[in-house]
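Good morning, everyone. Please take a moment with the sequence and the structure before I walk through them.

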Amino acid sequence: MAFTVEGVASTDVSRKLATRGLFLSHGDFYAATVVDRLGLGPEGLVRAGCACYTTAQEIERLIEGVSEVASVI
């Protein structure tokens, strides 16, 4: 899943979530044209990946972490 947090640079979102043990990446993920057309360059998007071994608790931590980052604005 790729997303942005309004008012917070994608690099900052990734760094803040890393302090919670959530390791997400940021950038254009080889979709530079899309990122540019969305007006998100050069920061790009934050990307969170899920797989069959991702637990419900990890998803809850991600939601809580993103909510916390978004509420700081």
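Let me begin with a term: a residue is called buried under 20% relative accessible area, exposed over 50%, and partly exposed in between, with a 1.4 Å probe and protein chains only. What you see is a predicted model, in which local features need pLDDT of at least 70 and side-chain atom pairs count only at pLDDT 80 or more, while totals for chains, interfaces and linings use all residues. Residues are numbered from 1 along each chain as its sequence is written, and side-chain values use heavy atoms, with hydrogens and water left out.

With that scale in mind, take Asp12, which is partly exposed with a relative accessible area of 32%, and Arg15, which is exposed at 57%. Their side chains meet in a salt bridge, at 3.8 Å from N to O; the term stands for a side-chain nitrogen of Lys or Arg within 4 Å of a carboxyl oxygen of Asp or Glu. Asp12 and Arg15 are three residues apart in helix α1, so about one helical turn separates them. Helices here are DSSP runs of H or I with at least four residues, strands are runs of E with at least two, and both are numbered from the N terminus.

How many salt bridges does the structure hold? There are two, and the other partners to look at are Arg20 and Glu68, whose closest N and O atoms are 2.7 Å apart. Because Arg20 lies in the loop between α1 and β2 (25–27) and Glu68 lies in helix α3 (residues 56–71), this pair ties together parts that are 48 residues apart in sequence. Arg20 is partly exposed at 29%, and Glu68 is partly exposed at 43%.

Staying with helix α3, we find Gly65 there, and Gly65 is buried, at 0% relative accessibility. Leaving aside neighbours within four places in sequence, Gly65 is in contact, meaning heavy atoms within 4.5 Å, with Leu17 and Arg20. Gly65 and Thr19 are 46 residues apart in sequence, yet their C-alpha atoms are 9.6 Å apart in space.

Now to the nonpolar core, a set of buried Ala, Val, Leu, Ile, Met, Phe, Trp, Tyr and Cys residues joined through side-chain atoms within 4.5 Å. The largest one has 11 residues, among them Phe3, Val13, Leu17, Leu24 and Leu62, and α1 and α3 each supply at least two residues of this core. In soluble globular proteins, nonpolar side chains tend to be buried together.

Which element gives the most to the lining of the largest pocket? That is α3, with four residues.
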